[in-house]
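These are my notebook entries on one protein structure. I record what I looked up, entry by entry.

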Amino acid sequence: MDWTWYLFRFDGRINRALLWQALLIVAVLAALLGVIGQVAHLLSAEGSLKLSIKLDFDFGLDDLFKLVDPRTYRSPASLDRTDLILKGSGLALFSWIFLATAIKRLHDRDRSGWWIVLFFFIPGLFSQFSDLLPDSNWVLPFGLTASTLWLWGFIELFIVPGTSGHNRFGPDPLADIEDDAASTPAKGWDQQREIDFVPPSASPPGGMHVKRGS
């Protein structure tokens, strides 16, 4: 597999299994960066004190929407330089991997990559700013719309199979797997090994002696 194309490029198609695999890769990398952050604090002069308050250090994609929220920049800085470097680099890397694989998965559904705006960005922005909206009945349709778009996107990306055969975005990603399986010869019954033909004088009635596989 071309891992550079798989994780970082936006052209072509991938199936559901590869999208789930991409999320697993992101989770492993996020855990690794979290460990690096903890080790960096332990090696610092205040490591023992900071360790107890850094347990919520994560790399959720919802942090992407905090970048457009002015309230994020009004609060006192809660991350030091090491945290900011890890958080910024991790968020950029993981967001890119998610978008690259999700868009290729939309291509597998024969949908344009711009559908990610409906399935990801609109629900994410609504979730980020929903606490600023008034507690009124007229807000309810917006919340239901955002939830519906998120659920629809989840089904499209992670549950529904892709279009069969070649579409406008490329060949079927499952076709290569099926072709490889078809081109691999099946291991048949080795008749010569299982059955020994012996002279009629030495064989039981019927002229054939069956020997169980060794």
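Predicted model: local features only at pLDDT ≥ 70, side-chain atom pairs only at ≥ 80, totals over all residues.

Residues are numbered from 1 along each chain as its sequence is written, and side-chain values use heavy atoms, with hydrogens and water left out.

Which residue forms a salt bridge with Asp-108? I found Arg-13, the closest N and O atoms being 2.8 Å apart. A salt bridge is a side-chain nitrogen of Lys or Arg within 4 Å of a carboxyl oxygen of Asp or Glu. Arg-13 lies in the loop between H1 and H2, and Asp-108 in helix H6, so the pair ties together parts that are 95 residues apart in sequence. I took helices (H or I, at least four residues) and strands (E, at least two) as DSSP runs, numbered from the N terminus. Arg-13 is buried as well, at a relative accessible area of 5%. A network of salt bridges links Arg-13, Arg-105 and Asp-108. By the rule above, I noted a count of six salt bridges.

**Entry on Glu-156.** Arg-109 forms a salt bridge with Glu-156, and the closest N and O atoms are 2.8 Å apart. Because Arg-109 lies in the loop between H6 and H7 and Glu-156 in helix H8, this pair ties together parts that are 47 residues apart in sequence. I recorded both Arg-109 and Glu-156 as buried. The side chain of Arg-111 also meets that of Glu-156 in a salt bridge, at 3.1 Å from N to O. Arg-111 lies in the loop between H6 and H7 and Glu-156 in helix H8, so these two tie together parts that are 45 residues apart in sequence.

Over which ring does the charged end of Arg-111 sit? I found the ring of Trp-115, with 4.6 Å to its centre. The rule asks that NZ of Lys or CZ of Arg be within 6 Å of the ring centre and within 35 degrees of the ring normal. Lys-104 likewise lies over the face of Trp-5, at 5.2 Å from the ring centre.

**Entry on Asp-110.** I placed Asp-110 in the loop between H6 and H7. Its phi is near 60 degrees, a positive value in a residue other than glycine. Asp-110 is partly exposed, with a relative accessible area of 31%.

**Entry on Leu-157.** I located Leu-157 in helix H8 (residues 140-158), where it is buried at 5% relative accessible area. Leu-157 and Arg-105 are 52 residues apart in sequence, yet 6.2 Å apart in space, C-alpha to C-alpha. Not counting residues up to four places away in sequence, Leu-157 touches Arg-16, Leu-19, Ala-102, Arg-105 and Leu-106; contact means heavy atoms within 4.5 Å.

**Entry on aromatic rings.** I counted 14 aromatic pairs in the structure. Rings of Phe, Tyr and Trp (its six-membered ring) pair if their centres lie within 6.5 Å; planes under 30 degrees apart count as stacked, over 60 as edge-to-face and the rest as tilted. The rings of Phe-98 and Phe-120 have centres 5.0 Å apart and planes at 50 degrees, so the pair is tilted. This pair links distant parts of the chain, as Phe-98 is in helix H6 (residues 81-108) and Phe-120 in helix H7 (residues 115-129), 22 residues apart. Phe-98 is buried at 11% relative accessible area, and Phe-120 is buried at 15%. The rings of Trp-138 and Phe-142 have centres 6.1 Å apart and planes at 90 degrees, so I listed that pair as edge-to-face. Trp-20, Trp-150, Phe-154 and Phe-158 form one aromatic cluster.

**Entry on the whole protein.** Finally, I recorded ten helices and two strands. Of the 214 residues, 32% count as buried. Among contacts between residues at least 6 apart in sequence, 71% join residues at least 24 apart.

Notes
Buried < 20%, exposed > 50% of the residue type's maximum accessible area, 1.4 Å probe, protein only.
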